[in-house]
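Work through the exercises below with the sequence and the structure in view. Each task is followed by a solution in steps.

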Amino acid sequence: MQRATVSALRQAARQATPKAARAYSLLTAARALPKAPAATRGVKTLDFAGTKETVYERSDWPLPKLQEYFKNDTLALIGYGSQGHGQGLNARDNGINVIVGVREGGESWKQAQEDGWVPGKTLFPIEEAINKGTIIMNLLSDAAQSQTWKDIKPLITKDKTLYFSHGFSLVYAKDTGVTAPEGIDVILCAPKGSGRTVRTLFKEGRGINASIAVWQDATGKAMEKARALAVAVGTGYAYETTFEKEVYSDLYGERGVLMGGIQGMFLAQYKVLRENGHSPSEAFNETVEEATQSLFPLIGQYGMDYMYNACSTTARRGALDWAPIFEAANKPVFEKLYASVRDGTETRRSLEFNGQPNYREEFAKETREIDNQELWVAGRTVRKLRPDYKGEPVQ
Ligand SMILES: NC(=O)c1ccc[n+]([C@@H]2O[C@H](COP(=O)([O-])OP(=O)(O)OC[C@H]3O[C@@H](n4cnc5c(N)ncnc54)[C@H](OP(=O)(O)O)[C@@H]3O)[C@@H](O)[C@H]2O)c1
């Protein structure tokens, strides 16, 4: 469908007459058919709602150019959690020299071997991998980066580049003890999603969004290297930022709407429905199932106005009236959260908790509590009714 037609239909729908509502339904139907137009390739400056931002794109780095750029390098991935897995396998598939460094005999050592990394050839203890690598990709857990830094830092000699996937360690140096070695490039590529998605999107030929930044530029080529590495590990679009902005927005987002906020909103809504005599299935369906199975994917596809316009006029009227009330109630909470991120409170909490030897069991206790909330127990029964239900994952 032509852009002009789409925009005319959108415009018509906004006038909210029954005819316009039908026009929007047509838009909905038509949108489902053709493929989205191919993104313009190689564009570096894009207009985001009036603000011009730099976005780098994979097409700037065709595979032969990427391989040529890294032909004298060895990427040493230190840590093999979800990012190590996704970024490492993608870079390896891109034909770059990659080795993995993890604790010998640990869980990651086993997982790396399952993914085809070979002890003594491409899989080494951490110290050995750092010695062999030219680009040291610190993908240990954030708490482990802090705990191991005194041993790792002296190994990062002047000829190496240091890479992170989170601004956490360097921005909160006062708490983490991680400071950049002098005279080397220190860069960041932080994929905006789980390492599992980094891998699946790459395999689908797409590529995840990532933030890239430079902390220290010793060679004058640090940003170029960050861009090339972003592509090497499977990024589709790389957005330029700073270490500070990356870590503030990341910690804030996951505590807010992405994870903490969504659980809080779901639970509060569910509880009020139950207190007013609604059954668990009704409360779950109206809170979670409709959101995740129907409405949130529409927001993802075309935005909030599209989702609103795809719903009944009754729903639309009420949502438009209540959205500002929720915004006003939540804004002070978000302000408090941002301040708590900015002043390092969230970092200290994270380091303290995740630095405990038994952090995995402690986490499991708390996430089990969520899993046992009536809301999520009811959800398991609802999920079983889905035609594509394949059972629950083993945790
Ligand atoms: N996961 C995400 O969604 C995501 C997204 C973007 C950026 N990031 C960033 O990417 C980085 C890596 O995150 P991740 O989620 O992939 O990793 P993770 O699961 O948090 O960390 C796992 C790795 O850390 C190692 N490790 C833990 N404690 C250690 C210690 N004391 N000494 C040596 N190794 C230790 C583990 O090895 P063992 O198996 O031997 O314990 C494992 O290889 C972090 O900076 C994170 O913030 C993560």
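**Exercise 1.** Is S350 buried or exposed?

Solution. This is a predicted model, in which local features need pLDDT of at least 70 and side-chain atom pairs count only at pLDDT 80 or more, while totals for chains, interfaces and linings use all residues. Residues are numbered from 1 along each chain as its sequence is written, and side-chain values use heavy atoms, with hydrogens and water left out.

Step 1. Buried means under 20% relative accessible area, exposed over 50%, and partly exposed in between (1.4 Å probe, protein chains only).
Step 2. The relative accessible area of S350 is 16%, so S350 is buried.
Step 3. To place the residue, find helix α17, residues 345-354, which holds S350. Helices are DSSP runs (H or I, at least four residues), numbered from the N terminus.
Step 4. Apart from neighbours within four places in sequence, S350 is in contact with F168 and G355; contact means heavy atoms within 4.5 Å.

**Exercise 2.** Find polar contacts of the ligand, meaning pairs of N or O atoms within 3.5 Å.

Solution.
Step 1. A polar side-chain atom of S108 is 2.5 Å from a ligand oxygen atom.
Step 2. For Y80, a backbone N or O atom lies 2.8 Å from an oxygen atom of the ligand.
Step 3. Q145 brings a polar side-chain atom to 3.3 Å from a ligand oxygen atom.

**Exercise 3.** Which helix gives the most to the shell around the ligand?

Solution.
Step 1. Elements giving two or more residues are α4 (82-93), α5 (107-114) and α7 (142-152).
Step 2. The answer is α7, with five residues.

Technical notes: Polar contact = N/O pair within 3.5 Å; in protein donor to acceptor, adjacent residues only side chain to side chain.
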